[in-house]
Amino acid sequence: MSANNDAKHIARCLELAILLEVSAHKPGNVSVVTNFEKTYYDQFLASAVVAASSFETAARQGISVSQGRIDVADIEVGQLIKMGIADINAWQHGGNTLLGAVILLSPIAVAAGMVSAAGGFDAQCLRRNLKRVVESTTPRDAVDLYAAIEIANPSGLGKVPALDINDPSSVNRIFDEKISLYKIFEIAEKYDTICSEWVNNYPITFDLAYPSLAKRLQNEGDPSDAIVQTFLEVLAKVPDTFIARKTGIDKSREVSLKARQILNLGGIETPIGKESLSEFDKELRKSSNLLNPGTTADILAAALALCVLNGYRP
């Protein structure tokens with residue numbers, strides 16, 4: 001394929017990954033059969049479609065790096081994320097739909113472009129390039145990421161001890177002290193799984209979610225079932241930091257414990273597991289969706305992206 005076709009192919013893969021993820025009836029999340037009070041399934045569909053443009057640009061940047069036309073530090077990942085979030089915000093009225101997913105997927109799109117230029121899909125090569133991409137981010141990337149967060153206006157941000165996005169002095173400090181986006185995420189990794197994935201080379205995505213999901217997609221006829229079962233597996237092992245920021249880590253751990261209990265009953269693969277999963281879904285939707293495992297959903301979108309890049313088709 002030509003470079004243009006490579007970039008379009010990568011963008012389509014990531015768009016499909018988001019569409020598959022949001023369509024699956026995961027507990028506590030928007031899906032094809034469930035909405036939130038002010039955020040609907042259709043708005044996630046619109047978000048996935050318009051995000052593809054920024055993913056294509058990200059893939060082109062990766063291809064340019066591999067061709068030696070730009071340096072990895074000139075990719076402008078923060079700008080790519082901001083562009084994606086601005087497009088999403090312009091095309092739907094449901095508020096923050098895909099901020100975490102776009103933060104995870106934008107570097108994957110770049111890294112996939114770097115791999116694609118070399119020919120074919122190679123998960124380990126992609127992961128090595130992913131490390132290069134995030135470690136080469138700049139203060140400009142950090143400031144652009146802050147702007148993207150302001151556009152998305154996500155719930156549950158809370159206060160942070162350093163470089164708080166709501167502190168007007170943070171941007172000046174980022175430039176004055178030359179603090180890269182990678183360094184910002186190093187500060188935040190203890191309380192945010194998306195940041196932790198960035199600075200630790202996506203361990204949950206590559207080592208837990210992707211292999212489990214790829215195996216299930218191969219063995220199960222319904223991709224939604226495979227996604228839900230993998231979602232439960234990730235949630236059971238990794239307390240959701242989106243829940244933790246809104247309700248506290250103890251509540252987040254309770255949700256993970258319940259996910260483990262449902263898996264022990266067979267999850268979506270057994271009648272008793274399905275019944276327990278349905279009750280779990282109802283419980284998570286109480287209290288204005290404060291117990292929405294949104295970060296876990298973002299991880300699943302990233303894992304699905306790897307599956308689709310590697311040739312999976314529903």
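**View 1. Helices α13 and α14 run roughly antiparallel in this predicted model.** Helix α13 covers residues 249-264, and helix α14 covers residues 271-284. Their axes come within 9 Å and cross at roughly 165°. Angles over 145° count as roughly antiparallel, so α13 and α14 fall in that class. The crossing of α13 past α14 is left-handed.

**View 2. Residues at the contact of α13 with α14.** From α13 come Val-255, Lys-258, Ala-259 and Ile-262. From α14 come Gly-273, Ser-276, Leu-277, Phe-280 and Leu-284. Sorted by class, the contact has six nonpolar residues, two polar and one charged.

View 3. In general, an α-helix has 3.6 residues a turn, so residues three or four places apart point the same way.

**View 4. Ile-243 and its surroundings.** Ile-243 sits in helix α12, residues 241-247. Is Ile-243 buried or exposed? Its relative accessibility is 0%, so Ile-243 counts as buried. Leaving aside residues up to four places away in sequence, Ile-243 touches Gly-248, Ser-252 and Val-255, among others. Val-255 also belongs to the α13 side of the contact with α14. Further residues touching Ile-243 are Leu-290, Leu-291, Asn-292 and Pro-293. Leu-99 is 144 residues from Ile-243 along the chain. The C-alpha atoms of Leu-99 and Ile-243 are separated by 15 Å.

Notes. Residues are numbered from 1 along each chain as its sequence is written. This is a predicted model: local features need pLDDT of at least 70, side-chain atom pairs count only at pLDDT 80 or more; totals for chains, interfaces and linings use all residues. Side-chain values use heavy atoms; hydrogens and water are left out. Axes are lines fitted to C-alpha atoms, for helices over the stretch in contact, and angles run from 0 to 180 degrees between N-to-C directions. Helices (H or I, at least four residues) and strands (E, at least two) are DSSP runs, numbered from the N terminus. Angles under 35 degrees count as roughly parallel, over 145 as roughly antiparallel, 65 to 115 as roughly perpendicular and the rest as oblique. A crossing is left-handed if the near helix is turned anticlockwise from the far one by less than a right angle, and right-handed if clockwise. Contact means heavy atoms within 4.5 Å. Ala, Val, Leu, Ile, Met, Phe, Trp, Tyr, Cys and Pro count as nonpolar, Asp, Glu, Lys and Arg as charged, and the others, Gly among them, as polar. Buried means under 20% relative accessible area, exposed over 50%, partly exposed in between (1.4 Å probe, protein chains only).
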